[in-house]
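I open this notebook to record what I looked up in the structure shown below. The entries follow the order in which I consulted it.

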Amino acid sequence: MSVPQAPSTLSQKFGAGLTWSSSVVVLFFLLAPILAIIPLSFSSGNFLTYPLPGFSLRWYEELLTSEKWLPALRNSMIVGISATILATILGTLAAMGLNRARFPFKPLVMALLLSPMIVPVVITAIGVYFFFAPLGLANSFAGLIIAHTVLGAPFVVITVSATLAHFDIGMARAAASLGAAPLTGFFRVVLPLIMPGVASGALFAFATSFDEVVVALMIAGPEQRTLPREMFSGIRESINPTITAVATVLILTSVVLLVCLEFLRRRNERLTKGA
């Protein structure tokens, strides 16, 4: 692999400096609205204003003690973890089946599996509502978990399929030739090798469920109010500074997920090079 040469001439150095400065400006432009929320969550005032009147953790205390926000956080965790487990299992099985299958309409099946990522979420929410309502799944945890599973499974299919593209099927055949049962070969040979893709898809599925609000507005009842739905209601009815504390928690959660994804990506690269 060739190593990029450092800029030597004046024009090259100027171009490199212009590129870096433009990138920093664009990055700041994209992150500034997000970063502006974090200081407001530590404000002692009752309104979202700059400069801050003082420093306080009162809004985080209200988040952790409020009868409105704490149940919403608990519901988001219940729905997110349950949907992630289902999406990971179903998405992994679908990716493995499509990777090994050979039939004429395989691209069409893949497109149908990935359609929840392409179709606008409001259309998906309306369709889910009219499908779940006659079945009695609207206004229930089961319906919300199933809907979020549908939204999160495509991410698992994509990441696992990408990992399987570099997987050596000969290792699974070797395990079978040595007498390993199909399930034993899968859990001891296949799954450890594709685990980075599975874990990456699971993180994407959890982030999708934890941040989703449109489907929750359509099919969730009063007992299933999630954190994003509570934030949406709070912004629409009355802006409470507690929303900034909730937003900060969501931002930190996203950062942690991104760090985990980067770790898994590097681990997957090492495994691919080792293979």
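**Entry 1. Surroundings of a proline.** I looked up P241 and found that, leaving aside neighbours within four places in sequence, P241 is in contact with G45, N46, F47, L48 and W59; contact means heavy atoms within 4.5 Å. I noted that P241 lies in the loop between α11 (227-237) and α12 (242-274). Helices here are DSSP runs (H or I, at least four residues), numbered from the N terminus. P241 is buried, with a relative accessible area of 5%; buried means under 20%, exposed over 50%, and partly exposed in between, with a 1.4 Å probe and protein chains only. I also recorded that P241 and S44 are 197 residues apart in sequence and 9.5 Å apart in space, C-alpha to C-alpha.

**Entry 2. Basis of the values.** I noted that the model is predicted, that local features need pLDDT of at least 70 and side-chain atom pairs pLDDT 80 or more, and that totals for chains, interfaces and linings use all residues. Residues are numbered from 1 along each chain as its sequence is written, and side-chain values use heavy atoms, with hydrogens and water left out.

Entry 3. I turned to L57, which lies in the loop between α2 (37-40) and α3 (58-65). L57 counts as partly exposed, at 49% relative accessibility. The C-alpha atoms of L57 and S43 are separated by 7.6 Å, and the two residues are 14 residues apart along the chain.

Entry 4. I compared α9 (residues 182-211) with a straight helix of 30 residues, which would span 44 Å at 1.5 Å a residue; α9 spans only 37 Å between its end C-alpha atoms. The expected span is 1.5 Å times one less than the number of residues. In α9, I located a kink of about 60 degrees at M195, shortly before the proline P196; the bend at a residue is the angle between axes fitted to the seven residues ending there and the seven starting there. For the 26 residues of α1 (residues 10-35), the span should be 38 Å, and the end C-alpha atoms are 36 Å apart, which agrees. A kink of about 30 degrees lies at F29 in α1, shortly before the proline P33.

**Entry 5. Aromatic pairs.** I found six aromatic pairs in the structure. Rings of Phe, Tyr and Trp (its six-membered ring) pair if their centres lie within 6.5 Å; planes under 30 degrees apart count as stacked, over 60 as edge-to-face and the rest as tilted. F131 and F132 form a tilted pair, 5.8 Å centre to centre with 50 degrees between the planes. F131 is exposed, with a relative accessible area of 53%, whereas F132 is buried, at 6%. F155 and F204 form a stacked pair, 5.9 Å centre to centre with 15 degrees between the planes. F155 lies in α7 (residues 141-164) and F204 in α9, so the pair ties together parts that are 49 residues apart in sequence. F155 is partly exposed at 22% relative accessibility, and F204 is partly exposed at 35%. I recorded F42, F55 and Y60 as one aromatic cluster.

Entry 6. I looked for cavities and noted one of 30 Å³ or more. On a 1 Å grid over the protein atoms alone, a cavity is a set of points where a 1.4 Å probe fits but cannot get out, and lining residues have an atom within 4 Å of a point. The largest cavity has a volume of about 40 Å³; a volume is the space filled by probe spheres set on the points, which are joined across faces, edges and corners. Its lining consists of M96, N99, R100, L164, F167, I169 and V190. Helix α4 (residues 69-100) gives the most to this lining, with three residues.

Terms used:
Helix = DSSP H or I, 4+ residues; strand = E, 2+ residues; numbered from the N terminus. 1 Å grid on protein atoms, 1.4 Å probe; cavity = no way out; pocket = protein on both sides within 12 Å on 5 of 7 lines; lining within 4 Å.
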